[in-house]
Amino acid sequence: MYDPTFGSTALARHLNKSDFLKHPTLKNEAHREALISQAVNTARNGFSSLPLTPNKLAGRTIYQVNDLACDLVLRKAAQNIRRITASKQGSRIEIVRRLKLFCEEGMPFTIAKMDIKSFYPSVDQETLSNLLNRRLITAPSTRSVVNSLIHHCKMNSVGGLPQGLAISAELSEFYMQEFDRHMKEIFGAHYFARYVDDIVLILPELEHPKTLKNNIERALPTGLKLNSSKSKIYTFGGAKVKPAAVEHSFDYLGFRFSVHQIGKDRPLARQVDLDIADSKVKKNKTRIVKSLLQYLADGNFDDLIDRIRILTCGYQFFDERQQKKRSAGLQHTYSLINSNAPALAELDKFFSAMVLCRSGAIGGRLALSLTNRQRKELLKYSFVCGFANRVHFRFTADRLAKLMECWKYA
């Protein structure tokens, strides 16, 4: 039976294997009980302080809680919020799959692809507190924990929600629930989806599409605004042409959608091609370069091979937090594309050119460091073949963390 309280038994359930690896003293029963007791007191009396550690990642500030007792309380609060509010982030792959199906329909339509600017930091803390006090009236302990979190965020000049915490993801979904309902009920959309700060709507052909952006922004919760440079509207006509060229291309959730005009030979459907978005292709190229630079710095060829395996193939690891095996890699992240997608061939061409290059800032140094045997070993790996053949490797969580460290800001 589910226990919503912040008692010692409920909080102890939120200890996971990775906690014991990071804090070996937890194996001592007395130390573990003292930690749980501290967490119980924190939940009862609020955070005396909130030890948030900020880190810069790709231009964003990501926070970690560096006190395990506080973290246990926040993990439990996040679980309670998810249970009480039924807030749940949609499946990225399912959203893309459904969006593709709608785009294939042979009729005129409009796509509104919107991006919320600085999503987590822009959540209005007072509005969130009022929502929690109204919706979590039967959960005073959870409400008290979250209000204490918000109070300490204010005290530490942390705007909105601290990105990187599991509870921030739960609270942001809760904050957007009314907006999501409004989008589905009021706008008459054929399809609406939101994945964190990325919004997409498919609507009938609009007479005044420019007003749509203003209407969506007005519907957003307090504090949130659209990022105008990343918010686009695409209109797809109903004329049947031959040959049916690409009418518009757009990126959404890491995928590139290329939507063709309605063809005279296929009047009831459009052709829609999926590929990896240009920004993600660039990200993978950057990781190839960083992997080679790391090899030039440390000379560890085994690490280089494993980094290339991670990039070109699928991989499995045990998720300590979720306590289950997980699969990752391009073939999972982009499972809806085909193995003949142009982006995969482009990545292969870039990778082989980097490995075989013998001049320039990187190629010249690699020419002195890599043997011909090592080059052949590297070129056994291919984005196209790894994707088509569903090649997988297994890594421990610690090994993955070590290998990916050099990609931290890529």
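Predicted model: local features only at pLDDT ≥ 70, side-chain atom pairs only at ≥ 80, totals over all residues.
Strand β4, which spans residues 191-195, is mostly covered, with four of its five residues buried. Its partner is strand β5, residues 198-203, and the two strands run in the antiparallel sense, joined over five bridges. Within this pairing, Arg194 lies opposite Ile199 of β5. Two residues separate the strands of the hairpin, where Val196 adopts a positive phi near 60°.

Arg194 also takes part in the second largest pocket. The volume of this pocket is about 390 Å³. Its lining comprises 17 residues, of which Lys88, Gly90, Asp180, Lys184 and Arg194 are the closest to the centre. At least two lining residues come from each of α5 (92-103), α10 (177-186) and β4. By residue class, the lining of the second largest pocket contains eight charged, five nonpolar and four polar residues.

Attention now turns to the nonpolar cores. The largest of them consists of 60 residues, and the most contacts inside it are made by Leu128, Ile167, Leu171, Leu201 and Ile216. Helix α4, covering residues 68-85, is the greatest contributor to this core and provides nine residues. The surroundings of Leu171 illustrate the packing in the largest core: when residues up to four places away in sequence are not counted, Leu171 touches Ile81, Leu128, Leu132, Val146, Leu149 and Leu161.

Notes. Residues numbered from 1 in each chain as written. Heavy atoms only, no water. Buried < 20%, exposed > 50% of the residue type's maximum accessible area, 1.4 Å probe, protein only. Pairing = 2+ DSSP bridges. 1 Å grid on protein atoms, 1.4 Å probe; cavity = no way out; pocket = protein on both sides within 12 Å on 5 of 7 lines; lining within 4 Å. Points joined across faces, edges and corners; volume = space filled by probe spheres on them. Nonpolar A, V, L, I, M, F, W, Y, C, P; charged D, E, K, R; others polar. Core = buried A, V, L, I, M, F, W, Y, C linked by side-chain atoms within 4.5 Å. Contact = heavy atoms within 4.5 Å.
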